[in-house]
Structures are given as structure tokens and as C-alpha cells.
Amino acid sequence: MESTDRTSAQSSADAELHRRLVYGDESALAEAYTAYGGLVRRVAVRVTRSPAAAEDVAQEVYAHLWSRPYAFDPSRGSLRTWLSMLAHRRAVDWLRGEARHRKDARADDSALHAIPDAGPGPDETVVDRERSLLLHSALAELPQPQREVVHLAYFAGRTYRQAAAELGIPEGTAKTRLRTALRTLAASLADSADPPDPALERGA
């Protein structure tokens, strides 16, 4: 019975998070990252055997969740499971891209190492509005270079490589700025939020 209650609570939490993502609630993205970011990276590390590649995969997974929230259907399974499966697919894609790159490098007799390819709704609650305001405030407090990368990568649907090209900065710099900004936003939301939902904590 307790297990059923936990599953029901998790399903409700996932459905609410999904609703907020669909309506473009930016704080929902930060909450999903806080709850499941570690899981996504662990799945990616198991496949790629590379912490750096796992970070790339995690960024792509959350960019996909933000730009295509309808791809997740809470009636068909949990957000935890869906993100895990997406992380696994993206990590496998990374491995394939890495293999192709190495094959091309060998064909060209290259000595270079392979580089991986890498509006709120009408029923929005007061808590939703407060969290949205908190995230907007946290975004505004980010250094401008980090804020630019976040907006391009998550709100304009760019990859970190595309964001780097648009901003005229090295790809590694774009990736570092994005990673730092995400962690800052997640920490800001966690520090300002109500006590965490036990269901989400178990899911993390």
C-alpha cells in the first residue's frame, strides 16, 4: 500500500511538473534538473565512460525537455524513467558519433583526439508564481556571459556548440558557462524553496 501511495504521489508530481513545463514555467526546468540531474549524468557516465561527455548529454537531455515538453507523457510512465531512457539514447548517440569521428580521423591520418558531438497557465498556483519570480531573479543575477548561454541553449533551443558559434567563444567556454549557470540556478531555487517533496527526493 505504501509503495502504491509513493507511486501515486510521484505521478502527481510528474504531471504537475509537466504542466508547468508545457506552459513555459522556467522554474519547472530548474526543479527537474535539481531532482533528476544526478540520475541523468550517472546513466550517461555508465554508457560513455566519460564524465565530460555525460555533462554534454545531460545538457542535451534538459534542452530537449525544455524545448519539447510534449514528448514526455506522464500517463505512460514517470519522468525519472523517461529522462533515464532519453539520457541512455543520447549517450549511445554520443558513442556512435565518437566512433565515426575516430574512423574519419584514422582515414585522414589525423593525430587529433576525437571530440564528442555532442507563460504560466491560468491555474498556476501562488507557489508556482513565487518560484517563477525566484528563478527570474536568479537569472537576472547571473553574470551576463552565463545568462547569454542559458538563454541560447535552453530558451532558444541551441546546442552549446551553436551557442558558442553565435557568441563567438570557444565551445569549452560555452559548456563551462552553461554548466556553472545551471548549478547556480538549481542551488538558488533549492535555497529559496519550501521543504523538498519527499517523492522527488526519492526519485533523485
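**Exercise 1.** Which helix of the chain has the lowest mean pLDDT, and which the highest?

*Solution.* The model is predicted; local features need pLDDT of at least 70, side-chain atom pairs count only at pLDDT 80 or more, and totals for chains, interfaces and linings use all residues. Residues are numbered from 1 along each chain as its sequence is written, and side-chain values use heavy atoms, without hydrogens and water. The pLDDT is the predictor's confidence in each residue, from 0 to 100. Helix α9 (residues 198–203) has the lowest mean, 41, and helix α2 (residues 26–48) the highest, 90. Next, residues 194–204 have a pLDDT below 50; beyond near neighbours in sequence, this stretch has 19 contacts (heavy atoms within 4.5 Å) in the model.

**Exercise 2.** Describe how helices α3 and α6 pack.

*Solution.* Two packed helices are described by the angle between their axes and the distance between the axes. For α3 (residues 51–67) and α6 (residues 144–155), the angle is about 65° and the axes are 8 Å apart. Then identify the residues: Gln-59, Tyr-62, Ala-63 and Trp-66 of α3 meet Ala-153, Tyr-154 and Phe-155 of α6. Finally, classify them: 6 are nonpolar, 1 is polar and none is charged.

**Exercise 3.** State which residues of helix α7 are buried, and where they lie around the axis.

*Solution.* In α7 (residues 160–167), Tyr-160, Ala-163 and Ala-164 are buried (under 20% relative accessible area, 1.4 Å probe). These residues cover an arc of only 100° around the axis, so they lie on the same side of α7. After α7 comes Gly-168, with a positive phi near 70°.

Terms used. Axes are lines fitted to C-alpha atoms, for helices over the stretch in contact, and angles run from 0 to 180 degrees between N-to-C directions. Helices (H or I, at least four residues) and strands (E, at least two) are DSSP runs, numbered from the N terminus. Ala, Val, Leu, Ile, Met, Phe, Trp, Tyr, Cys and Pro count as nonpolar, Asp, Glu, Lys and Arg as charged, and the others, Gly among them, as polar. Buried means under 20% relative accessible area, exposed over 50%, partly exposed in between (1.4 Å probe, protein chains only). The arc is that of the directions from the helix axis to the C-beta atoms.
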